[in-house]
Amino acid sequence: MKRLLTLTALTAVALLTGCVNGPVHRAIRSNYNVTAYKPHNPDNVRIKVSLSNHAVYVMEGDTPLLVTAVAIGKPDHPTPTGNYRITNKIPKKRSGEYGFSVSGDSIHPAKASEASGHYVGFPMAWWCEFTPGYGFHEGAVWPIPRTHGCLRLHKNVAPKFYALARPGTPVNIAQSQPEDATIGKDIKRPQDYADPDPANSILISDRAFTAPPEPLLVDRP
């Protein structure tokens, strides 16, 4: 019965976490990683997103600095397309809409508008917003459309993306990108997207935000 209740609670979290719908921290198969390179001129960095290839290309001119898989929005909550710029960055962002109702030792998944106790938002580490309510952040990178419009990056990659993106960095989101046929053709993808979340007691604490791997960016060859 206890296991059933635990599974039910985890399912509820997955349903209530909005654009962070799904696991964020995994311990079972979290070896996914990609290299991120230092730009020669940060002002020349731009971000390109391919929705059909579920991929992000951080480019400096024609040189890729970071190529990674990404989770995109569901058909009923699609990721917006178009040209944007990174507007703000928050390393320890929490959702203002989906999270937990906390009352003493009782922690239950809840929307902010429905929380009966103290509301604590779901963790969305390494937040890089590109338009109000939408951003890149750490989360489970499912191979199918899964989010409420945000773009989720693997926990080992999100801080590297955060280091490359700056306020004002251009972002282009489209159904496809020219890089899909070249550097994105055989993109490596995470396999730990369905691993379980930590306990709710961790998710509502600062322990939900882990230190990034070092170094974040390396010199270009």
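How many bridges join strand β7 to strand β8, and do the two run parallel or antiparallel? Select residues 118-131 for β7 and residues 134-138 for β8: three bridges join them, and the strands run antiparallel. Keep in mind as you look around that this is a predicted model.

**Stop one: a pair across two strands**

Stay with these strands and pick Thr 131. Opposite Thr 131 stands Tyr 134 in β8.

**Stop two: the whole sheet**

Now widen the selection to take in β6, β5, β7, β8 and β9. In that order, these five strands form an open sheet with mixed pairing. Colour β6 (106-111) and β9 (151-153) to pick out the edges: each has a single partner strand, so one side of each is left without a neighbour in the sheet. Turn the view and follow the twist, which averages 45° from one strand to the next. As background, strands of a sheet pair through backbone hydrogen bonds, and they can do so in parallel or antiparallel fashion.

**Stop three: salt bridges**

Next come the charged side chains. The model has four salt bridges, and we will visit some of them.

Select Asp 43 and Arg 166 to begin. Their side chains meet in a salt bridge, at 2.4 Å from N to O. Asp 43 sits in the loop between α1 (2-16) and β1 (45-50), while Arg 166 sits in the loop between α2 (158-164) and β10 (170-174), so the pair ties together parts that are 123 residues apart in sequence. Asp 43 is exposed, with a relative accessible area of 57%, and Arg 166 is partly exposed at 35%.

Move on to Lys 48 and Glu 179. In this salt bridge the closest N and O atoms are 3.0 Å apart. Lys 48 belongs to strand β1 and Glu 179 to the loop between β10 and α3 (200-203), so parts 131 residues apart in sequence are tied together. Are these two residues buried or exposed? Lys 48 counts as buried at 11% relative accessibility, and Glu 179 counts as buried at 9%.

Finish with Glu 60 and Arg 220, a salt bridge whose closest N and O atoms are 2.5 Å apart. Glu 60 is in strand β2 (residues 55-60) and Arg 220 is in the segment after α3, so this pair ties together parts that are 160 residues apart in sequence. Show the surface here: Glu 60 counts as buried, with 10% relative accessibility, whereas Arg 220 is partly exposed at 23%.

Terms used:
Residues are numbered from 1 along each chain as its sequence is written. This is a predicted model: local features need pLDDT of at least 70, side-chain atom pairs count only at pLDDT 80 or more; totals for chains, interfaces and linings use all residues. Side-chain values use heavy atoms; hydrogens and water are left out. Two strands pair if DSSP finds at least two bridges between them. Helices (H or I, at least four residues) and strands (E, at least two) are DSSP runs, numbered from the N terminus. Axes are lines fitted to C-alpha atoms, for helices over the stretch in contact, and angles run from 0 to 180 degrees between N-to-C directions. Buried means under 20% relative accessible area, exposed over 50%, partly exposed in between (1.4 Å probe, protein chains only).
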